[in-house]
There are 2 protein chains.
Amino acid sequence: MPHYTPPLRDMQFVMHELLDAAGVLKTLPRHAEVNRELMDQVMEEGGKFCAEELLPINLVGDVEGCKLSADGVVTTPKGFKQAYAKFVEGGWPGLACADTWGGQGLPHVMQTTMQEMMNATNQAWTMYPGLTHGAYAAIAHHGSDTLKARYLPMLVSGRWLGTMCLTEPHCGTDLGMLRSRAEPQADGSFRLTGTKIFISAGEHDLTENIIHLVLARLPDAPAGVKGISLFLVPKFIPNADNSLGPRNGIKCTRLENKMGIHGSATCEMTIEGAAGWMVGEPNRGLAAMFVMMNAARLGVGMQSLGLMEMAYQNSVAYARDRIQSRSLTGPKAPDKPADPIIVHPDVRRMLLTQRAYTEGCRALAYWVSLMIDEYENHPDADERKRIEAMVALLTPIVKAFLTDAGFECTSLGMQVFGGHGYIRENGMEQLVRDARINMIYEGTNTIQSLDLLGRKVLQNNGATLKAFGKLVYDLIEKEGTREDMAEFINPLADLGQKLEKLTTEIGMKAFGNQDEAGAAAVPYLRVVGHLVLSYLWARMARIALDKQNSGDDFYKAKLITARFYFAKLQPETASLIRVARSGAAPIMAMEEALF
Amino acid sequence: MPHYTPPLRDMQFVMHELLDAAGVLKTLPRHAEVNRELMDQVMEEGGKFCAEELLPINLVGDVEGCKLSADGVVTTPKGFKQAYAKFVEGGWPGLACADTWGGQGLPHVMQTTMQEMMNATNQAWTMYPGLTHGAYAAIAHHGSDTLKARYLPMLVSGRWLGTMCLTEPHCGTDLGMLRSRAEPQADGSFRLTGTKIFISAGEHDLTENIIHLVLARLPDAPAGVKGISLFLVPKFIPNADNSLGPRNGIKCTRLENKMGIHGSATCEMTIEGAAGWMVGEPNRGLAAMFVMMNAARLGVGMQSLGLMEMAYQNSVAYARDRIQSRSLTGPKAPDKPADPIIVHPDVRRMLLTQRAYTEGCRALAYWVSLMIDEYENHPDADERKRIEAMVALLTPIVKAFLTDAGFECTSLGMQVFGGHGYIRENGMEQLVRDARINMIYEGTNTIQSLDLLGRKVLQNNGATLKAFGKLVYDLIEKEGTREDMAEFINPLADLGQKLEKLTTEIGMKAFGNQDEAGAAAVPYLRVVGHLVLSYLWARMARIALDKQNSGDDFYKAKLITARFYFAKLQPETASLIRVARSGAAPIMAMEEALF
């Protein structure tokens, strides 16, 4: 079974040395009291919970999966319910929720570190509390005071869990097509009818009640996405004292049998005359839902980050332990019948690829999370707006780049194990199967790339991208005179210039033919992702350079990993740019009938 | 459930129009009578068998898997045994086996087409007869006349099946470490003892007897790979009339629970005093085994080729059928609530990537197979030698490049399905899980790359690579004057030159430090793979150009796919070359303790 050591040292490096999170939080009235010690303590405690409670039930959860009985009851794998009880007991559900509703009021960035470790040790389990954050956010931002007062304390305490019910059999990406209906009732509530699929945690035995957030149409709603409203539909309609009232008409009618995340109940939900209450404005459900979606997209990135760390740790351990063949440059362990496979260059390439992506993606994810705390709490409105735009730019990158990297890295981790990686009990292939869904749900990675290129870059004439470019430029200015930074600053500057040209070129072509944007979007997102990682790796390299002789080997390893990133991973952009520039014609030329 | 239409048109294109297989075979005395009609008939009949018998039991085989009872009996999934009986009835086991032993004596290239279709429809099932080809080849090439006469007819008829027993718990890649022992007996036989793992088809209920080919050491054997001998160890020791004699001491003591190919029994075999007979010379087992390995490596390539075709066909069908969102350039199906997703550029990118790799890899695989027929049967010894070297060069590419492409393409096929791709009953995720093992077994793809760069290129000073370069050069000379071929010939010529330089550079660096070869090998193999594919795509484009106005849309599609390959896939080499050139230092700099 895989092992897991919470990567506290690197988490702290990113948090304190790279981002100076405590310093940033000090500028935010709400979080001014959060200091480094508190942050370290939360990470440490969180890591303990994950390693001790979640990891031991990860493999068994995969093997057992969830079960649906004839009467619609879903049973989660052995140990899931007990672990959830401990999670609630520890006060983890409300970590970053407002203290108004009983939360601990800690910053999002702390929640993010916890999410990484939870997903590393058990992605399937983590989806139960994970989706609840979206439900919490939607109610907190858009719900009426009555809904907030009734539901938020129960979600924050973890006594109830929540879901997001969007997808229907005939529509996922294209929510404009959705058919679920909501009829207004005399008492201000609604009666909902419809079928939802792929509902994570739609039914389970972890909590006594489940609060569904459901997209549906009012009878007079306009067609398309502008006719969708959001409703809160509880499994049991609560009484005034939060005790459970009548069972509502929303039932799990099927569990999906999936490639991975077997421990997560993926439900078909049949809604038949269920009572619901509107969240937000009529026909503005998509906007309310997007509050959930952005959080969920970052959350999906965290799922892959966790899995990458897991794959790295375990493949390193295996590569140290497994002896096979001699080093090409002569025996390295002459006392043994063969050398540990970590001596072989290509094994190292597979390990360092995982490491460089994991550490780079961690820096990106924590940075974005910290910016969410800033834009939600900064005293200056302009600053809030500026940072919110940056988060909007980076969100599709966190989702798509991290989940692509997650699939690649877990697959590399498994490859290091050779044939033993393909065997279920070693736990490496589960990481690959679990990681694979992250490229699909909460908006496929294609959708993320269209969001980035179309909405976040071209629609505002690249203003936010330019703001990011300014950060890059400032770093180049600042570090450009240091000779020992040249190996990092030069490829960063070079990529920045190429991206600028590429963006202009695609923008001009797309002006004449929108398919040009559609054809370039996926490689474009990957190039931007590499620019962001290059920027962060250059900053991390600077810190490591300054401390390389501190006697702490951590900085030595960080520097070598930075060099590996620029030598072996970032060059991928050369091809990506060529592919992006080759345009839509080679893709659109094939008539549909000829496929 | 996925559907499958044998891709006969494209198979025939490669066979007849690209390779002129019938013309080549006419020059080989053994196959002079094989004509185009016969080939087409075999492919057509083979395709029917696969679509009708193997496809319907593929998904159920994945769900059911194999079962091991307490008394060591392995039960294959429902329908596997019946399908095998029909396979035998149809005379398929001995398709390419010598008629001396009851085979049909058809060329290897025909066997290859059948392998592709069998694996497309059911990789797990195909592994039962698949491994037998290796056993057949080892006995046919290295066995004594007695062994041949006793065992080959039974394997050729399909009445018995065979295995290859190489791996042990502590050694896979490094066979020099293997511990299984063989004690000579007075009657010329041997008594074998040891434990083998990951033995595909090690035990099953398809045939009454199983013929194991086992690597073991003689008591006086030297250490390492030069002390390994090969033994034939039957499950039941046959009587003179081929009826079953005593049960031999080789038993399945465990079935592995794997990521995929669940229908294939992956066995731990415990060998306790089993009777065996030596195949080939003492201590020369590895050489005899390599006859099996090369066939097996090409066979693994065929597994991925089949899965890629399957993923392509089904994701195209889904993309035509599924409606979701409007084309970026305005509605294409205004009568429907949304457009079929095949209108979206990135969906097309995913489909065309699969198509271009599948068709390019098919051309490569059939070409190599046809060359095997040539080197085994050509009347001229020099010609045999020349072609054998070319096959040796291309074998690791077929194994590694095709299986990497297979994983990428099945994953893309699944991605086209969105969330539905992750659901088991749709059959797409099974292709990904099945495809994943192909990158590992029969020598990991790292091992293939070391074989290519180290043994096949550097060890003979690039002589064979130059011979391949001559083919490329001849094509450039021949087609270089045609303006309409420039878009294919130019990137081919450019890549050829770059590979030449790269090879020299790596060779020089590796001369001083062998880790330089180890660090460059994986990207190097991929670059060579792209050169081979570029060469074949250029030749295919030439044929398609000449017939593009023939009224047969097949050529139009071929031309567009060729253009897609050069515009969107081949540019990957730009990055690969940069990565290969960046050398070993960024990989080797990290001390083991710092990982």
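Modeller: Quick ground rules: this is a predicted model, where local features need pLDDT of at least 70, side-chain atom pairs count only at pLDDT 80 or more, and totals for chains, interfaces and linings use all residues. Residues are numbered from 1 along each chain as its sequence is written, chains are lettered from A and ligands numbered from 1 in the order in which they are written, and side-chain values use heavy atoms, with hydrogens and water left out.

Biologist: Okay, where is A:Glu442 found in chain A?

Modeller: In the loop between helix H11 (428-437) and helix H12 (445-458) of chain A; helices are DSSP runs of H or I, at least four residues, numbered from the N terminus.

Biologist: Why does A:Glu442 count as buried?

Modeller: Buried means under 20% relative accessible area (1.4 Å probe, protein chains only). A:Glu442 has 19% relative accessibility, so it counts as buried.

Biologist: And why does B:Ile261 count as buried?

Modeller: B:Ile261 is at 2% relative accessibility, so it counts as buried too. B:Ile261 also has a positive phi, about 35°, although it is not a glycine.

Biologist: What makes A:Arg254 and B:Glu425 a salt bridge?

Modeller: The rule wants a side-chain nitrogen of Lys or Arg within 4 Å of a carboxyl oxygen of Asp or Glu. The side chains of A:Arg254 and B:Glu425 meet at 3.1 Å, N to O, so the pair qualifies. Across the interface of chain A and chain B, the rule finds four salt bridges.

Key
Helix = DSSP H or I, 4+ residues; strand = E, 2+ residues; numbered from the N terminus. Buried < 20%, exposed > 50% of the residue type's maximum accessible area, 1.4 Å probe, protein only.
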